[in-house]
Amino acid sequence: MTTEIKATPLKHGAIVLVRHGEPNVSRKVMLSAAEYRAFWANYELLGLLPGQTPPQQLMAFVAECGTLVSSTRLRAIESAQALAGERAFDRHEMLIEAPLPPPRLPAWLKLSPRIWGFLARFWWWFFNHHEGQERRSEAEARADRAAAMLVGFAAGGETVVVLAHGFFNHLIGRSLKKQGWRLAESEGYKYWSMRRFERG
């Protein structure tokens, strides 16, 4: 008589969503809607402000993780390089930030990039203001695909670290929660901040 031995399913590793470091751009300006549109287009191309030191805890996560990935934006790639040194990692366009087209307010109205960013996200989220770019529903579907990809990476039991963007990381986090993951640790959404998710 033989006894069947059932394999114990391997526990998923954690998924750590990290916002990139500080980009090399000054936000101490006042802009019209059109000027903010140009500001954001330039921001999407920029790398990191020189001289930054990533947090030690984050560097430890990266040193011990099984998978490291970043978005294809330069600020995310340079953040991953600052954390990982010569270690190779994959870059995924699926992880880029959701668009931020500002509402078409009068040209005389000048606001800081921070305020424009809030208004643009509000109009995009609640009024579907996308100017031909990615819609909210499309970004949420992309976040679901990104979350599924990361869950697949974590299925082997090792931690996955993602260098991407504040709002899109938020959307991925929402998707992970829908799939039964819980937020185990959070540093918010500032530069270099991380949010760690665990299964169950």
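Phe 167 counts as buried, at 19% relative accessibility. Buried means under 20% relative accessible area, exposed over 50%, and partly exposed in between (1.4 Å probe, protein chains only). This is a predicted model: local features need pLDDT of at least 70, side-chain atom pairs count only at pLDDT 80 or more, and totals for chains, interfaces and linings use all residues. Residues are numbered from 1 along each chain as its sequence is written, and side-chain values use heavy atoms, with hydrogens and water left out.

Trp 125 is also buried, at 17% relative accessibility. The ring centres of Trp 125 and Phe 167 lie 5.8 Å apart, with planes at 80°, so the pair is edge-to-face. Trp 125 sits in helix H4 and Phe 167 in helix H6 (residues 166-178), so the pair ties together parts 42 residues apart in sequence. Helices (H or I, at least four residues) and strands (E, at least two) are DSSP runs, numbered from the N terminus.

## Charges over rings

Arg 121 lies over the face of Phe 167, 4.2 Å from the ring centre. Arg 136 lies over the face of Trp 125, at 3.4 Å from the ring centre. The criterion is NZ of Lys or CZ of Arg within 6 Å of the ring centre and within 35 degrees of the ring normal.

## Other aromatic contacts

The structure holds twelve aromatic pairs. Rings of Phe, Tyr and Trp (its six-membered ring) pair if their centres lie within 6.5 Å; planes under 30 degrees apart count as stacked, over 60 as edge-to-face and the rest as tilted.

Tyr 36 is buried at 2% relative accessible area. Trp 116 is buried at 0%.

## Strand S4

Strand S4 (residues 160-164) is mostly covered, with five of its five residues buried. Val 160, Val 162 and Ala 164 are on one side, Val 161 and Leu 163 on the other.

S4 pairs with strand S1 (residues 15-19) in the parallel sense over five bridges. Leu 163 is the bridge partner of Val 18. Strand S2 (residues 67-71) also runs parallel to S4, joined by four bridges. There, Leu 68 has Val 161 as its bridge partner. Two strands pair if DSSP finds at least two bridges between them.
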